[in-house]
Amino acid sequence: MNSKKPSRKIVIIASVTFAILLGISTVFVATKNTKNDNNGNGNNGNGTNGNGSDSVGQGGQEGADVDVDDPFDIPKVVGCVKTQMDESLLDWDLPSYDIDIEEDIVYGKGALNGGKEIDLRLDIYRPITNGESKHPLMIHIHGGSFTGGDKGGLSTGTESSSGWAERGYIVASINYRLAGDDPLPSDKAIALTEYIREETSNKDPVMAIVASLEDTLAAYEYMKSLDSINLDSEVVVLNGYSAGAISSLWTTYGIDNFGYDRPPIKAVISHWGTLVAKEEEVKRLIPGMDVPTFLVHATGDSVVSYTGTQLLANRFESLAIPYALHCRDSGDHSISIDKVEHQQGLTILQAEQYWLRHILAGA
């Protein structure tokens with residue numbers, strides 16, 4: 001394996017197109033320590049082409065003024081905001097490993113109503129190495145509206161658990177209690193359960209949402225206890241899809257407000273999920289500098305509203321939290337991240353991989 005030493009500077013060039021008034025274009029330049037660059041030397045996304053992939057033009061407009069003394073004084077973005085990866089992040093090779101897979105490992109017991117319980121299972125995908133260094137943990141959380149889905153749905157394909165393990169991550173792809181299991185969260189979860197119930201609709205499977213958070217924590221504790229797989233348990237990435245993205249975001253930004261200890265999460269990747277909280281609550285749950293996040297979502301998603309993703313992007317922008325966003329002006333719920341371009345010559349998945357390597361280089 002040959003790879004250059006990654007740069008610790010994280011540069012994200014975000015292109016923001018406002019669909020208001022005269023269609024004024026604004027360009028944000030966000031770095032790990034810098035909020036704006038009003039010189040506007042960035043790329044400006046010009047919408048999507050006929051096959052749904054994003055075309056990239058050249059920007060040079062003046063940046064928007066943001067009052068750094070008032071983090072809530074931020075532009076209200078309408079439509080699709082697009083983050084561009086600076087080419088300096090792409091100047092070194094990603095690693096490539098052979099992998100080993102262990103399936104259907106019991107990582108805990110999940111309590112159900114009626115005094116019953118079920119085995120909680122996960123699959124482990126890990127790079128085969130000579131033990132030269134420890135590898136970060138990625139917890140992969142499947143989707144399915146908290147009523148279905150399975151860890152096996154993330155088992156194959158380049159965007160999958162195996163694909164991330166090939167890039168050097170030890171991946172725990174987990175199953176968690178679903179609504180049909182009739183899950184019973186712990187007594188510790190009473191306040192959290194009531195809060196999520198207030199933030200969601202009556203149709204949402206609140207008990208399953210809370211159970212998924214507790215099961216994610218249990219999976220981390222199990223992986224942390226393993227001594228034989230060369231795992232760096234202090235570097236954790238949550239990677240979720242739809243319902244799994246909701247679990248990932250809530251585990252990252254929500255649970256520590258309700259008496260739970262948050263794992264040492266260094267980054268989170270959210271595919272078409274949201275924090276499931278109103279705007280003022282997003283501000284309360286994320287009061288200051290927090291975990292870097294990569295967001296992927298279609299603006300017309302009718303299953304999980306894009307609004308929540310935009311609220312997060314606005315919040316990250318206002319607090320200068322490192323983040324990236326791929327959005328598409330379409331009605332799709334899921335997006336083929338290994339096929340759809342994030343920017344010219346770079347798929348969404350590749351953008352996630354480069355972004356994450358640079359984020360973790362400074363972790």
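Colleague: Among contacts in the chain between residues at least 6 apart in sequence, what percentage join residues at least 24 apart?

Modeller: This is a predicted model, in which local features need pLDDT of at least 70 and side-chain atom pairs count only at pLDDT 80 or more, while totals for chains, interfaces and linings use all residues. Residues are numbered from 1 along each chain as its sequence is written, and side-chain values use heavy atoms, with hydrogens and water left out. A contact means heavy atoms within 4.5 Å. Of the contacts between residues at least 6 apart, the share joining residues at least 24 apart is 74%.

Colleague: How many helices and strands has the chain?

Modeller: Both are DSSP runs numbered from the N terminus: helices are H or I, at least four residues, and strands are E, at least two. On that basis the chain has seven helices and 15 strands.

Colleague: Is Asp123 buried or exposed?

Modeller: Asp123 is part of strand 7, residues 117-127. Buried means under 20% relative accessible area, exposed over 50%, and partly exposed in between, with a 1.4 Å probe and protein chains only. Because its relative accessibility is 2%, Asp123 counts as buried.

Colleague: With which side chain does the side chain of Asp123 make a polar contact?

Modeller: A polar contact is a pair of N or O atoms within 3.5 Å; within protein, one must be able to donate a hydrogen and the other to accept it, and residues adjacent in sequence count only if both atoms are side-chain atoms. Leaving aside neighbours within four places in sequence, Asp123 is in contact with several residues, including Glu102, Val171 and Ser173. The polar contact, at 2.9 Å, is with the side chain of Lys151.

Colleague: Are helix 2 and helix 3 parallel or oblique to each other?

Modeller: Helix 2 (residues 190-199) and helix 3 (residues 206-225) pack at about 130°, their axes 9 Å apart. Axes are lines fitted to C-alpha atoms, for helices over the stretch in contact, and angles run from 0 to 180 degrees between N-to-C directions. Angles under 35 degrees count as roughly parallel, over 145 as roughly antiparallel, 65 to 115 as roughly perpendicular and the rest as oblique. Helix 2 and helix 3 are therefore oblique.
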